[in-house]
Amino acid sequence: MTTATPQPGQLIVITGPSGVGKGTLLRQLRQRHPELALSVSATTRPPRPTEIEGIDYYFVSVEDFQAMIAAGKLLEWAEFAGHYYGTPRDPLLQLIAQGKTVILEIELQGARQVRQSYPQARHIFILPPSLAELEHRLRNRGQDSEEAIARRLAQAETEIAAAPEFDVQIVNDDLEKSLIALETAIFSPVP
Ligand SMILES: Nc1ncnc2c1ncn2[C@@H]1O[C@H](COP(=O)(O)OP(=O)(O)OP(=O)(O)O)[C@@H](O)[C@H]1O
Ligand SMILES: Nc1nc2c(ncn2[C@@H]2O[C@H](COP(=O)(O)O)[C@@H](O)[C@H]2O)c(=O)[nH]1
């Protein structure tokens, strides 16, 4: 008996300023579509109280992160708001080879690297309704220090200016509407 090799899966990149609601949207999307795979990033940021090793992130030291870069283990990586973040290459490529649709939730510099190294990926940018609402969401989340919030807001305008580089832009105002827009962007046929 022969086993058919699966068609390679798709890579979806989701980017948008910190606090815009990417994680919230992806959690709900996964509940509706458990077949979607979320890549687990490595980071040097300390874990937040609710975060779980291997589920939310792989939490590593700066030395270990630099060793991963040197060994070519990251598909992309960036420094963001004082910490390193990166996508482990091998698990991601294995999932794609198995035919899975894999989602990366990453910031702008990393998204640009993926566009270079994996041009077939579909890139989606999530926008806030306004900068004031973004600030409100970051504060209301209650997870980051004032300094961290200031760093994240300082990055936000640069990131928002890059939204036209992406294949699809979604304004995350009403969560349910944004979720439907995200489903459409992910599941519509490749043009
Ligand atoms: N459409 C929405 N309307 C109102 N609040 C929202 C909406 N979407 C998300 N939020 C809230 O905004 C806050 C930030 O959301 P979330 O943590 O998902 O952002 P994020 O983009 O994943 O941030 P980061 O990039 O820092 O991980 C949360 O408190 C979340 O409940
Ligand atoms: N370039 C990458 N960016 C990543 C990755 N994993 C997460 N992120 C982005 O970092 C910021 C901050 O995240 P937080 O969890 O500290 O709030 C956010 O924009 C994430 O999307 C990654 O592997 N590479």
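Contact between residues means heavy atoms within 4.5 Å of each other. This is a predicted model in which local features need pLDDT of at least 70 and side-chain atom pairs count only at pLDDT 80 or more, whereas totals for chains, interfaces and linings use all residues. Residues are numbered from 1 along each chain as its sequence is written, chains are lettered from A and ligands numbered from 1 in the order in which they are written, and side-chain values use heavy atoms, with hydrogens and water left out.

Q: What is the mean pLDDT of the protein?
A: The predictor's confidence in each residue, pLDDT, runs from 0 to 100. Of the residues in the protein, 97% reach 70 or more. The model scores ipTM 0.98 and pTM 0.95. The mean pLDDT is 95.

Q: Within what arc do the buried residues of H1 fall, seen down its axis?
A: Helix H1 spans residues 22-32; helices (H or I, at least four residues) and strands (E, at least two) are DSSP runs, numbered from the N terminus. Its buried residues (under 20% relative accessible area, against over 50% for exposed and in between for partly exposed, with a 1.4 Å probe and protein chains only) are Lys-22, Leu-25, Leu-26 and Leu-29. The directions from the helix axis to the C-beta atoms define the arc. These buried residues line one face of the helix, since they fall within an arc of 95 degrees.

Q: Which exposed residues does the face of H1 turned away from its buried side carry?
A: The buried residues of H1 pack against strands E1 (11-15), E7 (102-105) and E8 (122-127) and against helix H7 (175-187). The face turned away from that buried side carries the exposed residues Arg-27 and Gln-31.

Q: What percentage of the accessible area of ligand 1 does the protein cover?
A: Around ligand 1 there are 15 residues (a heavy atom within 4 Å), of which Ser-18, Lys-22, Gly-23, Thr-24 and Arg-141 come nearest. In polar contacts (pairs of N or O atoms within 3.5 Å), ligand 1 oxygen atoms lie 3.0 Å from a polar backbone atom of Gly-21 and 2.8 Å from one of Gly-23. Of the 650 Å² of accessible area that ligand 1 has on its own (Shrake-Rupley method, 1.4 Å probe), the protein covers 75%.

Q: What percentage of the area that ligand 2 exposes when taken alone does the protein bury?
A: Among the 16 residues around ligand 2, Arg-45, Tyr-57, Tyr-85, Glu-107 and Arg-152 come nearest. An oxygen atom of ligand 2 is 3.1 Å from a polar backbone atom of Gly-86, and one is 2.6 Å from an N or O atom in the side chain of Arg-152. Of the 510 Å² that ligand 2 exposes alone, the protein buries 96%.

Q: What is the relative accessible area of His-123?
A: The residue lies in strand E8. His-123 touches Val-13, Ala-111, Val-114, Arg-115, Phe-166, Asp-167 and Val-168, not counting residues up to four places away in sequence. His-123 is buried, with a relative accessible area of 1%.

Technical notes. Polar contact = N/O pair within 3.5 Å; in protein donor to acceptor, adjacent residues only side chain to side chain.
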